[in-house]
Amino acid sequence: MLSTKDLAYTYNDSDWISFPDMDCQPDQRYLIIGQSGTGKTTFLHLLAGLLKPKKGVVSISGQNLSSMSGPTLDRFRGDNIGIIFQQTHFMDALDVEENLMIAQKLAGHSIDKPAITKILKKLNIGHKQYSRTKNLSQGEKQRVAIARALINKPVVILADEPTSALDDKNCLEVVDLLERTADDANATLLIVTHDNRLIDHFPNQIKLS
Amino acid sequence: MNLLSLSWKNIMNKPLNLMLSMVLFGLGIGLINALLLMDHQMKEQFDSNLAGIDMVIGAKGSPLQMILCSMYHIDNPTGNIGVGEAKPFLNPRHPLIETAVPLALGDSHRSYRIVGTDHSILSLYEASIGEGKLWEQHFEVTIGRVVADETGLKLGDRFQSSHGFNDDVDLLHEHGDGFVVVGVLEPTGSVIDQLILTTTKSIWDVHGHEEASEESHEIHAGHDHADHDHEHDAAGFNLLDYPDEEITNILIKFRNRTNFQALNLPRNINENTDMQAASPPIEINRLYSMIGVGVDALRNIAIIIALVSAFSIFISLFSSLKDRKYELALMRVMGAGRSKLFLLIVLEGVLLALLGFIVGYIISHIGMEVIAHYAKASYRYSLTGFIFLKEELIIFSISLLIGIVAALIPAFQAYRTDIHETLSK
């Protein structure tokens, strides 16, 4: 599903960060752990095609991300990769539903309102469908971000420190939510974190150093 | 939810920015558009009233004043000329002159000017009788359509004239039963719609009679009825039989306006007689160029405002980019290409400009309508705010262009958004 080989990146042409090779299967969850400064975000961005690798290859569904042209890669990302960022950001001018609609549209899908209603209900925020995103609580924002990452049924879900701002109770809830939704979507789930609370949950762990 | 609706929601999400851009842009465009409407309609009014008149003869004075008085009826006469003096030009057998229309001015009714003239004036303005008949007898008047509509005068109505151009009771002439309306002209859209037409002798009589009555009332009382009737009979009246009387102007159409002698005629009159002659197109062009200085200044101010507003659109987009950096990166993450972000910002610029144009369009047309009311009251000119000019399409296109240009740099900035860097923060 998602694999990397000989992946390395440098910001100044002298200090190279090398990343372990991976071969992730669908329906599996992976935890990518590392302390600050070990290139977690860089790794995530390389996996998502937000950053072009200086060395090595990232492939998703057998397609090498580096070989795609700009617009093709953008479209491919929108269609195949769902990303949940550490900080939730939305289009401020739009309400929850419209934020999900624009995600469908930009990925090249047609707008599917029933699907939006369905996923919001599943994440227990059905009643917020027409709320402005800035009026949501932190937990609600996180759920909307998850809904947005999943609305296009991606094959890979990348989550960047999804629990770092949450207390223990909410932390477990979000992890549970991520696992369930990934299962439903038949997607590979990769969580990048330094949160030790997650370590017991995920047998597949990749350590960055 | 497409790019257009997203850009619309984005600009609506910043109402203060939106208002500033709209007000500035609206002012600039509104001013330019109002000038355009004004300029166009004034010229149209002036040009339609040129009526093919090649030369105007009158008393010496300001030639522009004479033209404004005799052709546009918005100024006072420069004075009068003797019929005897003007005789050669009134002669129907004059080799250069096709039509010579005498005008005796001086009186008005409720600010509408009474013009003593003959039926030849109708041909100048291609006017024809609508109701009733043309004036035949002295003290019969045929009125223009606008006069009829605005004063409510109907066939058979009588009124007294007042001296000058103002609606002033103290200046009311009292002459027997006064004037009687015998006809109303078809509307022509030219100045004749605003005139009250009668015989030249009626004008003389109103004035002559008044002087006589002041001197001696007995003579008037001594008039017998038969005599009075005779005096009002215009059959066989010939202006040239009254060399001692005065008229105000003569409107002249040449037989051939490119004839060398005809071209020299105004100069001859100015040099060799106590009268002056002026060419309407020349004087009106002079007027345009005088007004033009003010119009140009206003237009430049309007252009500066438009540029400032373009700048405000630029600033508003540029500063909003800072707040929306993350949003734009997010759009890339969700599948939008760089060119989509570029297009989004350009669309926002165009929408801002479009809204500004709409505001300006409304301002200019309402403003024009307000000006039209004043113009109607003080100059009897019918301007309107409810017209559409082809030139407005050009202003529309320029507005959109300003929106695009103002958005280019911010759009390019959005195009260059580095997603990795933005999202790493």
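Which residues in H2(B) meet which residues in H13(B)? I opened the notebook with this question, noting that the model is predicted.

**Entry 1. Helix pair in chain B**

I found B:Ile29, B:Ile32, B:Asn33 and B:Leu36 on the H2(B) side, and they meet B:Glu391, B:Glu392, B:Ile395 and B:Ser399 in H13(B). I then looked up the geometry: the axes of H2 (residues 15-48) and H13 (residues 390-415) of chain B come within 10 Å and cross at roughly 165 degrees. Angles over 145 degrees count as roughly antiparallel, and H2(B) and H13(B) are therefore roughly antiparallel to each other. I recorded the crossing of H2(B) and H13(B) as right-handed.

**Entry 2. Chain B overall**

I noted 14 helices and 13 strands in chain B. Of its 425 residues, 41% count as buried. I also looked at contacts in chain B between residues at least 6 apart in sequence, and 79% of these join residues at least 24 apart.

**Entry 3. Strand E9 of chain B**

I asked how many of the 7 residues of strand E9 (residues 179-185) of chain B are buried. I next listed pairings of E9(B), among them three with strands E5, E6 and E7 of chain B. Strand E5 (residues 129-132) pairs with E9(B) in the antiparallel sense over 3 bridges, and B:Ile129 stands opposite B:Leu185. Strand E6 (residues 140-143) runs parallel to E9(B) and is joined to it by 4 bridges; here B:Val141 has B:Val181 as its bridge partner. Strand E7 (residues 158-159) pairs with E9(B) in the antiparallel sense over 2 bridges, with B:Arg158 opposite B:Val180.

**Entry 4. A residue in helix H12 of chain B**

I located B:Ile366 in helix H12 (residues 338-379) of chain B. B:Ile366 has 13 C-beta neighbours inside 10 Å and so counts as partly exposed. I read the C-alpha to C-alpha distance from B:Ile366 to B:Lys376 as 15 Å, for a separation of 10 residues in sequence.

**Entry 5. Sheet in chain A**

I traced an open sheet of 5 strands in chain A, with the order E7-E8-E9-E4-E10 and parallel pairing. Strand E7 (81-84) and strand E10 (205-207) stand at the edges with a single partner strand each, so one side of each is left without a neighbour in the sheet. The twist from one strand to the next averages 15 degrees. Within the sheet I examined strand E8 (residues 156-160) and strand E9 (residues 188-193) of chain A, which pair in the parallel sense over 5 bridges. A:Ile157 has A:Leu189 in E9(A) as its bridge partner. I found helix H6 (residues 168-185) of chain A lying across strands E4 (29-33), E8 and E9 of that chain, and H6 runs at about 155 degrees to E9(A).

**Entry 6. Contact between chains A and B**

I counted 27 residues of chain A in contact with 22 residues of chain B. On the chain A side, helix H1 (40-47), helix H2 (70-80) and helix H3 (96-106) each supply at least two residues. Which helix gives the largest share of that side? H2(A) does, with 7 residues. I divided the residues of the side of chain A that touches chain B into 14 nonpolar, 6 polar and 7 charged.

Key: Residues are numbered from 1 along each chain as its sequence is written. Chains are lettered from A and ligands numbered from 1 in the order in which they are written. This is a predicted model: local features need pLDDT of at least 70, side-chain atom pairs count only at pLDDT 80 or more; totals for chains, interfaces and linings use all residues. Axes are lines fitted to C-alpha atoms, for helices over the stretch in contact, and angles run from 0 to 180 degrees between N-to-C directions. Angles under 35 degrees count as roughly parallel, over 145 as roughly antiparallel, 65 to 115 as roughly perpendicular and the rest as oblique. A crossing is left-handed if the near helix is turned anticlockwise from the far one by less than a right angle, and right-handed if clockwise. Two residues are in contact if their C-beta atoms, placed from the backbone, lie within 7 Å. A residue is buried if 20 or more other C-beta atoms lie within 10 Å of its own, exposed if 12 or fewer, and partly exposed in between; C-beta atoms are placed from the backbone. Ala, Val, Leu, Ile, Met, Phe, Trp, Tyr, Cys and Pro count as nonpolar, Asp, Glu, Lys and Arg as charged, and the others, Gly among them, as polar. Two strands pair if DSSP finds at least two bridges between them.
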